[in-house]
Amino acid sequence: MRIVVALGGNALLRRGDRPDADVQRANVVRVATAVAALAHEHDLIVTHGNTPQLGLLATESVADRSLVEPYPVDLLGAQTQGLIGTLLVRGLKDALPGRRVVSLLTHTQVRGDDPAFERPTEPVGPTYPDKVADFLTAKHGWTMTRTRGGLRRVLPAPQPERILECDTVRVLLETGTVVVCAGGGGVPVVSDWATGALRGVEAVVDKDLAAARLAEDVKADFLLILTDVPNVYDAYGTPDRRPVLDVTPAELRAARYAPDSMGPKAEAAARFVESTGQLAAIGALDAAYEIVHGRSGTLVRPDLPGS
């Protein structure tokens, strides 16, 4: 099978971890071990989150007094692809001796008129006191939202239209290469309608929706979304919580979960299954092999004919 594995943002930095390099080096061993078990039997593409790393680089860029302006978010996202990509490649090469493994810098095309640009929602970076937030907003034109700890910058999250390097990914897969790509949803770019020239935009693309787009474009057989819970739960965090184990896209969307955690994962799985008629699953990183073989996680399958 051809499998796209979407690693959660907590794969290299788990909840409560400090964002130190040594912590991420240690965590990548666990990730590589889980993923390598699948690579022995299947063609594999690995995507990953980047929220902690992007926030760290954004904070450093704002604080760097040698810069006239902080680095734009699209370039910071490209930096995280390199940072996380090299850690994953090293870990996977150690776990898969003799196997070709490559990290590919990946761009995701979005629409310049996507409504998300008018309604920024995705937080990035630290929280700021009101006076600091007001200063940064006036200086850089940022949009802020109030959180429990203070004001925080938010970015647009446009829909992924196309993964620009998907043809290259297919060629690499045909040579038996494990490909790490589309990190953090890919570097968001728009294309000039007249010249086709690409321009980076101040936005982030949801990593799970980008993984679903990539999986469809490379004709994957299975989309595996890995996180820190064993399966999807309806009404998670409430006394009514119940596991969701075997569902259609419509049934998955009918469950209740937080829009900033399980919601995008469920939507990504549903979109892939609806578009391709193939399978998707959501579950825990350490159970990756068991999930693909139907022994763990939440399986998302097409509607049965006539149902």
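In which strand is Asp 246 found? Asp 246 belongs to strand β15, residues 246-247. Helices (H or I, at least four residues) and strands (E, at least two) are DSSP runs, numbered from the N terminus. The model is predicted, so local features need pLDDT of at least 70 and side-chain atom pairs count only at pLDDT 80 or more, while totals for chains, interfaces and linings use all residues. Residues are numbered from 1 along each chain as its sequence is written, and side-chain values use heavy atoms, with hydrogens and water left out.

Asp 246 has a relative accessible area of 42% and is therefore partly exposed. Here buried means under 20% relative accessible area, exposed means over 50%, and partly exposed lies in between (1.4 Å probe, protein chains only). From C-alpha to C-alpha, Asp 246 is 25 Å from Ala 36 in space. In sequence the two are 210 residues apart.

Strands are taken to pair if DSSP finds at least two bridges between them. β4 (residues 107-109) is joined to β8 by two bridges, and these strands run antiparallel. β4 also pairs with β10, in the parallel sense, over three bridges. Gln 109 takes part in both pairings. In β8 its bridge partner is Arg 162, and in β10 Gln 109 stands opposite Val 189.

Strand β10 spans residues 187-191 and is mostly covered, with four of its five residues buried. β10 and β11 (residues 198-200) run antiparallel and are joined by three bridges. Across this pairing, Val 190 stands opposite Arg 199.

β5 pairs with β7 (residues 150-155) over four bridges, in the antiparallel sense. Thr 127 stands opposite Arg 152 in β7.

Two helix contacts were examined. The axes of α1 (residues 21-39) and α3 (residues 73-95) come within 8 Å and cross at roughly 55°. Axes are lines fitted to C-alpha atoms, for helices over the stretch in contact, and angles run from 0 to 180 degrees between N-to-C directions. α1 and α3 are therefore oblique to each other. Angles under 35 degrees count as roughly parallel, over 145 as roughly antiparallel, 65 to 115 as roughly perpendicular and the rest as oblique. α1 passes α3 in a right-handed crossing. A crossing is right-handed if the near helix is turned clockwise from the far one by less than a right angle, and left-handed if anticlockwise. The axes of α6 (residues 207-217) and α8 (residues 262-276) also come within 8 Å, crossing at roughly 15°. That makes α6 roughly parallel to α8. This crossing, too, is right-handed.

Several loop residues were also characterised. Ala 182 lies in the loop between β9 (178-180) and β10. Its phi is near 55°, a positive value in a residue other than glycine. Ala 182 counts as buried, at 0% relative accessibility. Lys 219 sits in the loop between α6 and β12. Lys 219 is not a glycine, yet has a positive phi of about 60°. At 66% relative accessibility, Lys 219 counts as exposed. Val 229 is located in the loop between β12 (222-227) and β13 (232-234). Val 229 counts as buried, at 15% relative accessibility. Val 229 and Arg 119 are 30 Å apart in space, C-alpha to C-alpha, and 110 residues apart in sequence.

Ring contacts complete the description. Arg 241 lies over the face of Tyr 233, at 4.0 Å from the ring centre. A charge sits over a ring if NZ of Lys or CZ of Arg is within 6 Å of the ring centre and within 35 degrees of the ring normal.
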